[in-house]
Amino acid sequence: MEKIYVTRSSIPSIEEYIEEIKPVFESHWLTNAGPKHEELRESLKKYLKTPNLALTVNGHLAIEVALQMLGLDHGEVITTPFTFVSTSNAIVRMGMKPVFCDIREDDYTMDASKIEALITPETVAILPVHVYGNICDTEAIEAIAKKHGLKVIYDASHTFGEELNGVEVGNFGDASTLSFHATKVYHTIEGGAVVCHSQEEEDRVRIIRDFGIVDEEHTNEIGPNAKMNEFAAAMGICNLRHVDAWIEERRDAYEYYIEQLTDVKGIRLNKIAEGLKSNYAYFPIIVDEEEYGESRDELFKRLAAADIMARKYFYPLVTELESYSSDYDAKETPIALKISCQVMTIPLYAGLSHEDIDRIVKVIKRQ
């Protein structure tokens, strides 16, 4: 019996990709904002309904570059411990200190009601994360930021193509960052983007991500090398043609899971918020050990024994990782700590069959 992995990268046919990269071989223009890069950038602007977007080599450097673009290089940034470590690493690497806010139990995003208690004279920004495609309380967060004169940068890595009440998710905040990693709904193998709100900001991102180089004789920023290459951009061009169909396949799998798992005692499912056009990026479940009769970790092991590769995502909390635990106490964010010990994402990707979902459900239901 074949293993079922928690995700599987969606890719075009090899023939389609080869056709897309032929001009790269003909031109020998491999990087530095070549024709494929520019074509993808313009296509993504249209797809994501944003006038200003700059591509990066990955989602992590998108966060670092966005912080630098907004002039943030010192002070405290309020963020969440319930995220991939990249989010907080970007804050630290840009010379700032993460301050961790607890999350909401229903959708795992930052609890806006707990933000103001964390604001100090050193606070310069809020960096919330849209989790599993669940969107933060953007209205409350941005009202708090406006009141206290803070910047808001959303880590929107899980939200490609999503809209909330008709607004494309990347347009919230002072900037949003996207990840185009191979495991995401949409990918460029590795890649990312910064969504901002003016041509001036977009131009600055493009300068920062290229070592700060303005032209052949002028460099006015200390920037990283965060450029996307032509082969990644070509993959992105191909994938953009298919992403809507792939999201539909994810939706089908998601809805079949809901149908099969809704009444399983002790298993809580993720709810899609009203007004959200979802991309069906993940299928997280919460395992209540007392009601289910088994811990998350025990279920995880049983799934693995059946060749079903789930993921404890996000576990451990950022504040429990060795790189942070000496400076932070995970117990200070009790909801995040609780959820991290109960959550598990089960396989979800375009092309996941109902038969494979049946295999997964049988293990969860102990059939």
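**Helix α6.** I started with α6, residues 199-208, and looked for its buried residues: E202, V205 and I208 are buried. Buried here is under 20% relative accessible area, exposed is over 50%, and partly exposed is in between, with a 1.4 Å probe and protein chains only. Helices are DSSP runs of H or I with at least four residues, strands are runs of E with at least two, and both are numbered from the N terminus. I then checked what covers them, and the cover includes α2, β2 (53-56), α3 (59-69) and β10. Contact means heavy atoms within 4.5 Å.

**Ground rules.** I noted that this is a predicted model, where local features need pLDDT of at least 70 and side-chain atom pairs count only at pLDDT 80 or more, while totals for chains, interfaces and linings use all residues. Residues are numbered from 1 along each chain as its sequence is written, and side-chain values use heavy atoms, with hydrogens and water left out.

**Salt bridges.** How many salt bridges does the structure hold? I got 27, counting a side-chain nitrogen of Lys or Arg within 4 Å of a carboxyl oxygen of Asp or Glu.

I picked out a few. E38 pairs with R41, and their closest N and O atoms are 2.5 Å apart. Both lie in helix α2, 3 residues apart, about one turn of the helix. E38 counts as partly exposed at 21% relative accessibility, whereas R41 is buried at 8%.

K45 and E42 form another salt bridge, with the closest N and O atoms 3.9 Å apart. These two are also in helix α2, and being 3 residues apart they are separated by about one helical turn. K45 counts as buried at 11%, and E42 is partly exposed at 38%.

The next one I opened was K312 with D297, where the closest N and O atoms are 3.3 Å apart. K312 is in the loop between β16 and α10 and D297 is in helix α9 (residues 296-305), so the pair ties together parts that are 15 residues apart in sequence. Both partners count as partly exposed: K312 at 23% and D297 at 29%. I also traced shared partners, and salt bridges join E38, R41, E42, K45, E202 and R206 into one network. E202 had already come up as one of the buried residues of α6.

**R250.** Then I went to R250 in helix α7 (residues 230-261). R250 is buried yet has no salt bridge, and the nearest side chain of opposite charge, E249, is 8.2 Å away. For charge, Lys and Arg count as positive and Asp and Glu as negative, with His and the chain ends not counted. What does the side chain of R250 reach? It reaches the backbone oxygen of Y280 at 3.2 Å. Leaving out residues up to four places away in sequence, R250 touches, among others, T7, T183, K184, N279, Y280 and L348.

**Cysteines.** I looked for disulfides, meaning a pair of cysteine sulfur atoms within 2.5 Å, and the count comes to 0. C101 is in no disulfide, and the nearest cysteine sulfur, that of C136, is 10 Å away. From the C136 side, the closest cysteine sulfur is the one in C101, and 10 Å is too far for a bond. C101 counts as buried at 1% relative accessibility, and C136 is buried too, at 3%.

Last, I went through omega and phi. The peptide bond from Y313 to F314 is cis, with omega near 20°. Another cis peptide bond joins Y315 and P316, with omega about -5°. F314 is in the loop between β16 (308-309) and α10 (334-340), and P316 lies in the loop between β16 and α10 as well.

Which non-glycine residues did I note for positive phi? H28 has a phi of about 65° and I189 one of about 75°. H28 lies in the loop between α1 (14-27) and α2 (35-47) and counts as exposed at 65% relative accessibility. I189 is in the loop between β9 (175-179) and β10 (192-195) and counts as partly exposed at 40%.

Key:
Polar contact = N/O pair within 3.5 Å; in protein donor to acceptor, adjacent residues only side chain to side chain.
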